[in-house]
Amino acid sequence: RPDSGGGAMNSGVPAVTLLRIGYSLSAMYLLIQLAPEMAATEDLRVEVRLSSHAEMSRFVIQRENGTVTGWTEPPGDADWALQKTVQVKLPFTTIRAQRGERVTFAVLVSGGGRLVATVPARGVMSMKLPDADYELQHWEV
């Protein structure tokens, strides 16, 4: 549960109420639960800034004038959905990361023409991607 550091549209309600992070053997997953007021914002923008080994990338999902778009920089594959939550699948190749590497990231949420939340409020989060021998380390009979 993120520290709000402010509120969605100045209501005192955190813009991001929950952030879940996960991975598979080839992709990173994010589930970003937005406050209802934020999820309904017409000019919503959610940006995930990532860094791995000296490579920087970002994923952006944006709703403007009723149209929702999503993209990565540099260009790459990503699967995403926007409803009450933002769900994102970012393949390791898209975020320019290798298995076993540490990835740092932050989530920025904008609405009403201004930045309303940064998760975490200060600094970045990090996650170590599964090692090349992950399957052997977690093998059970």
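Accessible areas are those given by the Shrake-Rupley method with a 1.4 Å probe. On this basis, the accessible surface of the protein, taken from a predicted model, comes to about 7900 Å². Carbon and sulfur atoms account for 51% of that surface. Of the 141 residues in the protein, 40% are buried.

The protein contains 2 helices and 10 strands. Along the sequence, these elements follow the pattern β-β-α-β-β-β-β-β-β-β-β-α. Among contacts between residues at least 6 apart in sequence, 50% join residues at least 24 apart.

The largest nonpolar core comprises 33 residues. Those with the most contacts inside this core are Met28, Ile32, Leu34, Phe105 and Val109. For valine 109, contacts beyond its neighbours within four places in sequence include Leu34, which is itself listed among the core residues with the most contacts. Valine 109 is also in contact with Val16, Met38, Leu44, Arg45 and Val46, as well as with Arg114, Leu115, Val116 and Ala117.

Glutamate 47 lies in strand β3, which spans residues 45–52. This residue counts as buried because its relative accessibility is 6%, the limit for burial being under 20%. The side chain of glutamate 47 makes a polar contact with the side chain of arginine 58, at 3.1 Å. When neighbours within four places in sequence are left aside, the residues in contact with glutamate 47 are Arg58, Phe59 and Val60, together with Ala106, Val107 and Leu108.

How values were computed:
Residues numbered from 1 in each chain as written. Predicted model: local features only at pLDDT ≥ 70, side-chain atom pairs only at ≥ 80, totals over all residues. Heavy atoms only, no water. Helix = DSSP H or I, 4+ residues; strand = E, 2+ residues; numbered from the N terminus. Buried < 20%, exposed > 50% of the residue type's maximum accessible area, 1.4 Å probe, protein only. Polar contact = N/O pair within 3.5 Å; in protein donor to acceptor, adjacent residues only side chain to side chain. Contact = heavy atoms within 4.5 Å. Core = buried A, V, L, I, M, F, W, Y, C linked by side-chain atoms within 4.5 Å.
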